[in-house]
Amino acid sequence: MPADLDACSFATQCATVYDPAHADQYGASSTPVYLTATFKGLPGAEYDYSRVSNPTRSVLEHHLAQIQGCKHAFAVSCGMACLDVIMRFVGPGEYVLAGDDLYGGSNRLLDLLRQQMNIQVLNVDTTDTEAVEQALVHRAAEHAAGRSTRIALVLLESPTNPMIKIADLPRCMQLVRKHAPDALTVVDNTMMSPFLMRPLDMGVDIVYDSATKYLSGHHDVMAGVLACNRDDLAAKMFFTIKSVGNGLAPLECFLLTRGIKTLALRMEKQQATTMRIAQYLEQLGFKVRYPGLRSYAGYAVHARQARGAGAVLSFETGQTALSEKIVASVRLWGVSVSFGCVNSLITMPCQMSHASIPAEVRAERGLPENLIRLCVGIEDADDLIADLQRALLLAGAIQPSKSQKCSYVRVPVPDEMEILRRTIAQRKPEAPSAATSAPTTLTVSAPGKVLLLGEHAVVHGVKAMAAATSLRCYGHVEPSADRLSLTMPDIELAHAWDAARLPWTLVKPTQAAPTELEPSLQAALTELVAETWPADDRRHAASLAFLYLYMHLAPRHSAAQAFELRSSLPISAGLGSSAAVSVCLASLLLYTHGHLPLPAAQVPLPAEHAACINAWAFIAEKVIHGDPSGVDNTVATLGGAVAFTRALETNGLAANELEPLRLDAVRLLVTDTKVVRNTKELVARVRQQKEEEPERVAAALSMIQRLADEAHALMNDTAASRSAQVARLGLLLELNHLQLAQLRVGHPALDKVRELCGPYGAATKLTGAGGGGCAISLLPDEMSETALSELVSALHAQGFATYETEMGGPGVGVLVRPSDTAAAWPPAGSAASWAEAAGTWVFA
């Protein structure tokens, strides 16, 4: 057996069932089933009665603790038995704070306990952390005043079932610990399983799964799993289980152990197919609820806390009768409750799993009667899509399209949910609009980026592959007493200008972002900024870009403003710090001067907002870099991962090509060599080589194009396993680095990083302009924390700095609803930590 299963991948842990404390005496390769009610022996023996414990259950629970990464795990008769055990921690009259889209069975049990034990349930929209905080604060105040009992338990699901709503679990944990520190925090993780999310790592007290679903995977066993790290909670749960006798029976333990062995394999396939189906339905025009779609409101939050989007989606048809026809017309999809099975299932939750919730309550919570839930199995994706398409056609939900981009399109129907919402809204007093005037104080953020493939080549019209990172820049603006000021502590910039001295007569009025700079205005501002910093000082470029944007977006006689930017990104290191700054500045100016209305909460940033921000950020990038490709500001605005090709006469493109890429969260190690380099000079160096040695440079650019094309196809290949994609992507990164070395933008420090990372299987290349700066290393999923710590130590020993991050995060963010209890700007410590507690964000 492996000396340390913790060092192995999740798939290996699932397949390796080994409990050293209960090794079979005959060396059986499969855990034996102890079908016995009692055990002979003297008092004090480990086993005496199967209601209390059984060897088959012991092995299963040890295995569950292994894959959950926890100290204690218990197997019980079903998922609802888990919640029943947990609810024994809540006393009569005490409060449970729960989501407003709970599983129907959970809702039913809580209602029963309300009737029998006077347990109070507060249903809150857990996607709205401000609403969660308000409920916690109010209840804590009532309890402190002696007018109410305490909140004893907070019950969360993410994603919820069936509305697929996403709760920010780490943020919710912070709020509970702050306002109700004695409350137990519980997460139903059935929709994700430990393969995709581990809430215990986020500080949750107890996690439970209905193991009937993904853990078993075959719908041939009813089971539930409880997991925790606290000894006191484990002791109480074990006592309850043995007292009421709902421990899982031996045969069911055997079946569940067998099912877990293929958990990783099944979910990889199911998740990949679900993404294809979600994209197909979205392309047709349906409203699809799936956290793997970048258009989905919960995408950004989910990507931060889970390593995949799962295999359940729901979509709205607009009409209940139409949904009924679709469900009745499928052949491959089984019409059944539950999910997580190897076979695909389809259901209308309001008529099945959630029928026990009164219709008026469903309407109040926004649960559409026409909602269809799809639970995707392991069948061939093309077969499932073909069967679904046939059912949609038979039901009259889609029709042939006149567009060449797609074969079918959704048939428009009156949306009964929208009609209901309008009816409800008419009964309520009209609320004030989200933004009746431009805000005067605002906070925004934008991500850095890594170029996976195509540095330098992208300037010459070759395709580049770029992805946002979780390292971000934060911008804040507020009214100033007198002068216009810009503060950037990361580059030691703190300066104020008399706005009246700015060369306003040189500004050409424009309704949209210009495509080219105004030479006379740029020259005048350059002369003004040079009074403080020379042209080769990065504070010069930052100030120049800021003033250029300010003069185009702020009225001449507008009130003074104070701007401040803070970054968790290394500066001037090839990670898009200037683009992130440009996006933040453009966003602050566009919103505070009324060019864009402040976006509403709980929806993604409107596409037209993102396009406007991106266009102005590109102007700032041109001021800083002269001839940027546009990829940096595009990724900093839109987030995710993109394939980007710059339009040039040489490639025949009339406009830049931009295509979003499917990229699940991939761990990266960014190493800053701390070798300072100048992007503009390095770009000019490659351009000079192209003029002097066109054949050599053309060959390198051609190879980079081929590598980018292969990576593009790889990222959009839904049939490939994640492990195969990551391994192949790593090889392409290594090959791209070699081509960049041919273009003479390498550096000995970058070579040293590659040398140290190689033995750990972490594919490494330079990112950005090269010549120093940063290198990125693709970390294999199976890389242990011990190995990563060793690698980081070796890099630090060379004087390098490292940052662990992920690719594919959200784009520009706007803090639309600041929390009343959050610390005021500027943050005392990390800007990223401050932002998590700052309030409600909206992201592109």
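Keep in mind as you click around that the model is predicted.

To find its middle, select Ser578, Ile624, His625, Thr679 and Lys680, which are the closest to its centre of the 49 residues that line it. Now colour the elements that give two or more residues to the lining: strand S15 (442–453), helix H17 (538–553), helix H18 (577–592), helix H19 (607–625), helix H20 (631–638) and helix H21 (679–692). Which of them gives the largest share of the lining? That's H17, with six residues.

**Stop two: the largest nonpolar core.** This core has 92 residues, and the ones to select are Ile277, Leu281, Leu374 and Leu392, which touch the most other members. Next, show helix H10 (residues 263–284), which gives the most to this core, nine residues. Domain 1 (5–94 + 105–123 + 137–143 + 173–262) and domain 2 (264–424) both give residues to this core, so you'll find it between them.

Zoom in on Leu281. Leaving aside its neighbours within four places in sequence, Leu281 is in contact with Phe286, Val288, Leu313, Phe315, Leu374, Leu388 and Leu392.

**Last stop: another core.** Finish by selecting Leu442, Trp497, Ala586 and Val842, which are among the 88 residues of a second, separate core.

Conventions: Residues are numbered from 1 along each chain as its sequence is written. This is a predicted model: local features need pLDDT of at least 70, side-chain atom pairs count only at pLDDT 80 or more; totals for chains, interfaces and linings use all residues. Side-chain values use heavy atoms; hydrogens and water are left out. On a 1 Å grid over the protein atoms alone, a cavity is a set of points where a 1.4 Å probe fits but cannot get out, and a pocket is an open set with protein on both sides within 12 Å along at least five of seven lines; lining residues have an atom within 4 Å of a point. Helices (H or I, at least four residues) and strands (E, at least two) are DSSP runs, numbered from the N terminus. A nonpolar core is a set of buried Ala, Val, Leu, Ile, Met, Phe, Trp, Tyr and Cys residues joined through side-chain atoms within 4.5 Å. Buried means under 20% relative accessible area, exposed over 50%, partly exposed in between (1.4 Å probe, protein chains only). Domain bounds come from an automatic or database domain assignment. Contact means heavy atoms within 4.5 Å.
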